[in-house]
Each structure stands twice: as C-alpha cells, then as structure tokens.
Amino acid sequence: MSTAHVVRRVAVFGGTHGDEMSGVYLVKRWLQNQDTINRSSFVTVPCIANPRAVERCRRYIDVDLNRQFTQENFSIDVPPSSAPYEVHRAIELNKTFGSNGTSEAFDVIIDLHNTTANMGNCVIIGSSTDSFVLQMAKYLVQWSGLVCPVFLTENLASHVQMGDSKSIGVHGIENGHYGPSCLRSVSRHGLCLELGAQPQGVLLADIYLRHEQLVHTCLDFIHKFNQGQVFPSETLEVHRILHVVDYPRNKDNELTAMIHPELQYKDWHPLKPGDPMFLGLAGETVKYDGDSAIYPAFINEAAYYEKGIAFWATKKETLNVQQLQVKT
C-alpha cells in the first residue's frame, strides 16, 4: 500500500517549446477560462512556460528550456543579465511552481509537448517508484479511450553498446536528456504528455483534441484520488530508455545517412538484429547489429538533429504498481 498527500495545486504547462502548438493553444484557451480545468478538490493553474519562444514560434530563444531546471541554476538567486533567457525563466518558474524544492512546491505538473515523430499519445514519466504518477499513467492507459504508450526516462543501464559506436553514434544518457532537469521535475509529481506526429509550428485538430482529452483524464484521476478512491495494485507496461542512437556522420559531423524507410514512422515497434536502420546517402543500408531487439522512440524527431539523436533505444518491461490512496 502506498499513500500520497492530497493534491491542492496542479499546473498545466504549454509552450515549454514555443513551436509545439497544441499545448500552446490549449493553455491560451484555459488562461481565458480557468474554470474548465479546475475540480472541486483542487485548483489548476495554466501557464505558458516559454512566452518569448511562443511569441516567435520557435523551440527556444537561447537554450532548451526543458534542460535548465537544474540545481546548479537554482543555486543562483539572481542570474547575470548575460545568462540565457531560458535560465532566467527556469529560475522564475521554479520559484513560482517549485519553490526551490520546499514544501510549497506544486503537487502535480502536467507538461504538454508535441513531437514530429510518430509517437502517438505518449505519456512520459521519470520514476518507477512514484506510485502516484504510475497510477495516473495506468489510469490514462485504462480510461482515456486512447492508446497511450508509456515512456520511462529512468535509466538503469547508462551505456549499451550497439555495433560500431564510432560511426553509428551510440551513446549513453547525458544529464539534460529527459533527466531531472525537465520542467516537470520541480513539482512533487509530474508527467509529460507528448503527442505526435505534428510538424513544428503547426496546429493539428486531432492532436489538439487528444491532448485536451488526456489532460481532463489526468484531472479526473486526481479528483478521484482526493475524494478517497483507492486505486488497486496494477501492472503497467513501459518502455524504459536504454541509450540514444545518433545518425552516421563523417569527420565534419555531417550526416552520411538517414532513417531507413522501413524504420521511419515505426516508433514503439521492435527493431531486431539485422533489420534496416539507416539508409546511406549513396543508397547503402546500415543494419541494426545489436544482440537483441530494441524499441525505438522519437524516430527522426526534428528537434533532435542538433542534439545528436536519431532515436531513443528503449526496452519494454512491466512494472508492478502499488495500491494507492490519499494519506489521511
């Protein structure tokens, strides 16, 4: 049996990346009418995370905001004027919603994102031990009416070799890639709803509506939890990150291959040893030569070219989720 404190304050963020449009426009709408996302047992605060980037419809101004929620940044009370805009903004958001890690932190953060990859209705969580978040993810899987793959960013094997790692670019998970530096990490409990495929700077109606549906399902779960509903022990299928795979590159760091057509759009599908992985610019096929199947995610995400990521390699596993009820 696991217990958690009653939830009093929830924050819903859009525009952590300013060109991910469904979250931006949902939050803009909710800022005009906050009552639609409140419940009688808690208050929900909508917020545009990176307003300057939203105004310019770009991912960020200086640096990626979703990599700036670090203790190093939070140790600076007033950053220098020369610091990147997103560092200033992360410190401001942490003081408002995270209260520098104090008991005044918001109870739950729901961060809305889009991806150009064919990820569907992806639920991103950061811990295999936070029973509240695990039960909320399970509730989304069971009751949202949508297929919701769960992406677990907690990593147990920081480096897994795969073939010629010099040419293909296999590397471990670095601090800042979906680690504790994400916006959702400043609250007690947090998750990300990452929907795609949607081009950057484009608003698609079906994804907008699915995003809205998932947020309301999260809020319904929280309200039921506050009202004393006991959520029984469950199992939850997740895709746990193993490592990232970069594109093949030459000595000048230029791409020499692209995602193979047989892999493109196949997020969450198994990539088995011998399967085509990359297609060279001259037409040669680079095959996956790992020892066992992996499940690629964020395949060919546009924003990840600058980060050296062709896709995330994940493994599928089943978590045991403890029974949950509100702490009395």
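**View 1. Burial of Phe-13 and Phe-97, and the aromatic pairs.** In this predicted model, both Phe-13 and Phe-97 are buried (under 20% relative accessible area, with exposed meaning over 50% and partly exposed in between, for a 1.4 Å probe and protein chains only). The rings are taken from Phe, Tyr and Trp (its six-membered ring) and pair if their centres lie within 6.5 Å, with planes under 30 degrees apart counted as stacked, over 60 as edge-to-face and the rest as tilted. By this rule the count comes to 16 aromatic pairs. Phe-13 and Phe-97 form one of them, an edge-to-face pair with 4.9 Å from centre to centre and 70 degrees between the planes. Phe-13 lies in strand β2 (residues 9-14) and Phe-97 in helix α4 (residues 85-98), so the pair ties together parts that are 84 residues apart in sequence. Helices (H or I, at least four residues) and strands (E, at least two) are DSSP runs, numbered from the N terminus.

**View 2. The ring pair of Phe-151 and Phe-298.** The ring centres of Phe-151 and Phe-298 are 5.6 Å apart and the planes stand at 70 degrees, so this pair is edge-to-face. Because Phe-151 belongs to strand β6 (residues 150-152) and Phe-298 to the loop between β13 (295-297) and β14 (311-321), the pair ties together parts that are 147 residues apart in sequence. Phe-151 is buried, with a relative accessible area of 0%, and Phe-298 is buried, with a relative accessible area of 0%.

**View 3. A ring cluster, and a lysine over a ring.** Ring pairs link Phe-132, Tyr-139, Trp-143, Phe-221, Phe-225 and Phe-231 into a cluster. Lys-28 lies over the face of Tyr-25, at 5.0 Å from the ring centre, where a charge sits over a ring if NZ of Lys or CZ of Arg is within 6 Å of the ring centre and within 35 degrees of the ring normal.

**View 4. The open sheet β10-β11-β12.** Three strands form this open sheet in the order β10-β11-β12, with antiparallel pairing, and two strands pair if DSSP finds at least two bridges between them. The edge strands are β10 (257-259) and β12 (285-287), each of which pairs on one side only. Strand β10 is joined by 3 bridges to strand β11 (residues 276-280), the two running antiparallel, and the bridge partner of Ala-257 in β11 is Gly-280.

**View 5. Strand β5 and the strands joined to it.** Strand β5 (residues 120-125) is mostly covered, since 5 of its 6 residues are buried. It is joined by 5 bridges to strand β8 (residues 189-196), which runs antiparallel to β5, and Gly-120 stands opposite Gly-196 in β8. A further 3 bridges join β5 to β6, and these two strands run parallel; in β6, the bridge partner of Ile-125 is Leu-152.

**View 6. Glu-212 in helix α7.** Glu-212 is found in helix α7 (residues 205-226) and is buried, with a relative accessible area of 15%. Glu-212 and Val-27 are 185 residues apart in sequence and 9.8 Å apart in space, C-alpha to C-alpha.

**Notes on the model.** Residues are numbered from 1 along each chain as its sequence is written, and side-chain values use heavy atoms, with hydrogens and water left out. Because this is a predicted model, local features need pLDDT of at least 70 and side-chain atom pairs count only at pLDDT 80 or more, while totals for chains, interfaces and linings use all residues.
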